[in-house]
Amino acid sequence: MAALIQPTTAVSLPSPSVFPRFSSSSPPSSSLSLSKPKLLQSTAAAVASASASAQFLLPQPPPPPPPPLPQPFLLESRRLFPSEPFDGPPPPDATDSLADSCFDLLRLSVRHGDVDLARAVHALVLKLEEHPSLGNALIVAYLKLGHTSDAYSVFGGLSHPNVVSYTAVVSGLAKADRGLEAVEVFFRLMSSGIQPNEYSFVAILTACIRLTELELGLQVHALVAKTGYLESVFVSNALMGMYNKCECLDSVLELFEEMPKRDIASWNTVVSGLVNAQMYESAFESIRQMDQMDGFRVDYMTLSALLTACTDSSCLIRGKEIHAHAIRIGMETDLSVNNALIKFYIKCGTIDDVETLFEKMSTRDIITWTEMIRAYGEFGSIDMAMDMFHTMPEKDSVCRNALLAGLCENGKAFEVLDLFISMVEEGLELTEYTLTTVAKACKLLGARKLSEQLQGFIIKFGLLANACVEAALLDMCTHCGRMVDAGKMFKRWPFEWDSSIICTSMICGYARSGLPDEAMSLFCRYQAEGSIILDEAASTSILGVCGTLGSDRMGEQIHCHVLKSGLSSDLEVANALISMYFKCWNMDSAKKVFNIMPAHDVVSWNGLIAGFIIHRRGDDALTVWSNLHEAGIKPDKISILLVISAYKYTKICLVDECCRFFSSMQTEFDIEPSQEHYASFVGVLGIWGFFELAEKTISNMPFEPEASVWRALLDGCRIHSNAILGKRVIKHLLSMEPQDPSTYVLVANLYSASGRWHCSDTVRKEMRVKGFQKQPSRSWVIHQNKTISFYTRDKSHSQAKDIYSGLEILISECQKAGYVPDTSFVLHEVGEHQKKDFLFYHSAKLAAAFGLLMNRPGKPIKIVKNISLCEDCHQFLKYTSAITNRQILLRDASGFHYFSGGHCSCDDRW
């Protein structure tokens with residue numbers, strides 16, 4: 001096998017400025033202008049410029065016009081480079097019967113893919129006197145068989161390689177994605193004094209296309225102009241293909257207009273370029289001009305490009321017209337057209353359209369099967385996608401990537417990992433798409449150890465130096481409780497890579513991790529530096545952070561930016577605005593955003609319903625539900641869950657109506673009740689005191705009730721002081737094996753409340769062993785656009801002394817007004833005096849004291865708490881609102897509490 005080509009002399013490329021240059025930054029023309037063809041910087045000027053600039057390739061200036069190729073070379077090149085390389089008569093110099101037999105055997109080896117036969121012929125040829133045509137035939141045979149190194153070995157053994165030899169090797173290396181070696185061989189061709197022919201130029205332009213090498217392509221263009229091959233349609237098409245790949249549409253159009261003669265491939269290149277530039281109307285206009293000016297009819301390449309335009313622009317009607325036209329001209333059986341149609345119907349049609357087309361296809365390839373896997377994944381039929389994958393006659397990395405994506409989109413994270421492991425074990429290619437999909441699967445699981453293993457694997461095998469992969473890994477870390485690791489990746493992010501995506505990931509990660517201060521600080525810093533682009537994704541993320549923090553001022557500023565940048569019509573941004581406003585105590589603004597939206601989806605309606613529920617306005621939530629129903633929007637399982645929850649907060653008891661609604665879930669909306677639906681329904685029954693019906697509902701559940709269902713019933717027992725049922729519920733909870741941190745904490749607290757401290761300690765120890773952590777109680781206030789946070793008995797604030805002094809005065813005044821501390825909420829084995837010390841300095845009380853000290857009189861105090869408010873703090877804040885004559889607005893995990901004049905808007909039901 002030949003080693004990689006090592007050039008014997010360094011090649012010095014001239015300055016690009018001396019070559020014909022076409023701007024890729026200026027906006028492309030809106031339509032083809034074919035009536036007034038203009039020279040590409042004037043062909044004469046290009047030739048004059050190239051005569052000096054192309055010297056790096058030519059040892060001496062060739063005489064214009066180019067001399068005709070010798071007849072053997074001409075016949076040989078025309079015989080070797082069409083799609084069937086060995087058709088036609090043998091070259092004139094191959095007269096002996098042994099050479100003829102070698103040619104026949106090489107044709108046979110290519111036809112049957114038999115590399116051993118080709119090598120046998122090679123061994124025979126080595127025993128004969130050197131035969132240039134047989135050597136070239138061997139080179140082409142090896143290239144067709146995919147053995148590029150063997151082809152290069154034959155080439156290296158030729159004492160006098162000709163233009164066909166050089167061109168075959170350049171073409172083979174380029175097609176084998178060994179573009180740099182192809183360029184080196186082409187330089188050797190030029191240094192040898194042999195003049196390249198049109199096939200040589202096409203071969204080196206193929207290398208430029210594979211390498212996306214515009215500068216070299218410009219130099220080749222200059223040489224083509226100098227040697228007179230611009231008139232070759234074959235070469236001009238290759239030049240246009242190079243400019244297309246390098247996104248220089250202006251150059252494609254100028255070169256096209258200059259061509260004295262065009263073929264269908266020329267037009268297809270232009271159409272493809274216009275489609276890639278998203279100039280869809282111009283692409284369709286060019287087809288009309290093609291018919292009028294040159295009389296060409298569309299072929300499979302044209303139809304495929306136009307279908308891509310329809311797919312990208314979601315133009316269903318035009319796509320169906322193209323489908324009908326394909327049938328009229330007899331191309332309904334063409335494989336490329338059918339594959340393009342499948343892609344089109346995945347985006348713009350239904351799964352029935354895709355299946356009908358697939359079933360009618362008489363010929364299918366791996367692209368067809370892969371698109372079907374993608375179709376089933378997109379339409380949510382992941383089991384069908386799996387069946388399609390297992391039915392495929394052959395499989396590659398691309399179809400596996402399509403299945404990975406479908407599994408991930410449908411929440412099948414464990415199946416993604418299984419498939420990925422099988423790909424690694426089989427030694428298949430792992431692309432950046434593979435790795436980013438697997439990182440997304442780990443993100444969905446939130447599995448810390450799995451995420452560490454994946455990252456270690458990627459680092460070990462040297463797959464990390466890729467912006468997409470690193471960004472996916474960073475985002476994965478933010479979802480798997482690894483914010484420290486994500487921060488390290490963020491700090492060492494290469495300066496030359498775009499950082500806007502990872503900024504958004506970090507901001508969202510901080511918000512999810514209960515670190516909204518860090519999220520807002522990072523946002524403000526990078527916004528000032530201009531490092532973060534507030535596009536749809538970033539705006540949605542930042543609005544989510546504002547809602548989490550309750551930072552209405554910052555949220556309003558982002559809203560202003562959204563309006564100025566024209567993003568307000570984006571559905572996801574508008575939905576995020578609704579969520580931000582209702583979380584920031586402002587339902588009126590949330591309603592205004594909803595009302596001015598040009599269109600709504602089910603998320604928009606769910607957001608408005610959720611807003612009214614979190615504000616404990618159940619009747620308003622049910623009104624929105626009625627409007628959703630009348631608008632013909634199909635509700636999802638979240639919609640149903642929200643509507644059930646709304647019945648907790650209606651002004652009058654509507655339990656009968658709620659029961660009817662719950663019973664109709666499956667028949668009317670085709671949604672089976674889940675654990676969450678049952679927990680919400682039991683919560684409604686508990687909050688209105690229907691305990692018998694609640695117990696009956698739980699006993700009739702089609703599956704074993706989870707802790708959330710029993711917890712909902714326990715809340716009802718607490719509100720109505722139903723101690724007898726409460727004890728039974730506690731027994732059920734204690735008998736369950738906790739599966740999440742919140743259940744562990746609940747069970748431990750139940751043991752503590754009953755004085756069983758040893759059992760409580762055992763549960764907490766088991767929780768630590770499994771890696772679960774209790775979320776610490778935290779309350780915060782937004783003051784001067786900064787988040788001031790407090791934890792229980794927190795003295796980290798610079799004004800802690802004043803805050804504690806103010807709180808002690810406040811507690812004293814509340815006790816005079818009738819407040820009695822309820823130490824039953826202190827779940828620690830300590831004395832009564834210490835229990836009061838624990839109780840008095842809960843985070844909500846500290847936040848209220850700070851708010852009263854720092855806000856001017858008459859201004860409401862706004863507090864956000866990350867978990868539900870305890871009953872003692874609830875009582876304390878009611879007394880505080882009365883003795884200070886101030887409104888205290890608090891949002892906890894259950895919703896909003898509006899304290900005013902000694903009362904709370906929740907009516908002590910939360």
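Helix α38 (residues 675-687) runs 18 Å from its first C-alpha to its last over 13 residues, close to the 18 Å expected at 1.5 Å a residue (the expected span is 1.5 Å times one less than the number of residues). This is a predicted model, where local features need pLDDT of at least 70, side-chain atom pairs count only at pLDDT 80 or more, and totals for chains, interfaces and linings use all residues. Numbering starts from 1 along each chain as its sequence is written, and side-chain values use heavy atoms, with hydrogens and water left out. Helices here are DSSP runs of H or I, at least four residues, numbered from the N terminus.

**Helix α38**
- Among the buried ones are H677, Y678, F681 and V682.
- The cover over them includes α35 (637-646), α36 (655-663), α37 (665-669), α39 (691-699) and α40 (707-719).
- Just after α38, G689 has a positive phi of about 85 degrees.

**Helix α41**
- On α41, L725, G726, V729 and L733 are buried.
- Looking down the α41 axis, these fall within an arc of 100 degrees, so they line one face of the helix (the arc uses directions from the helix axis to the C-beta atoms).
- The face turned away carries A723, I724, K727, K731 and S735, which are exposed (over 50% relative accessible area).

**Around L713**
- Leaving out residues up to four places away in sequence, L713 touches V682, F691, A694, E695, I698, L725 and V729 (heavy atoms within 4.5 Å).

Note on methods: Buried < 20%, exposed > 50% of the residue type's maximum accessible area, 1.4 Å probe, protein only. Helix = DSSP H or I, 4+ residues; strand = E, 2+ residues; numbered from the N terminus.
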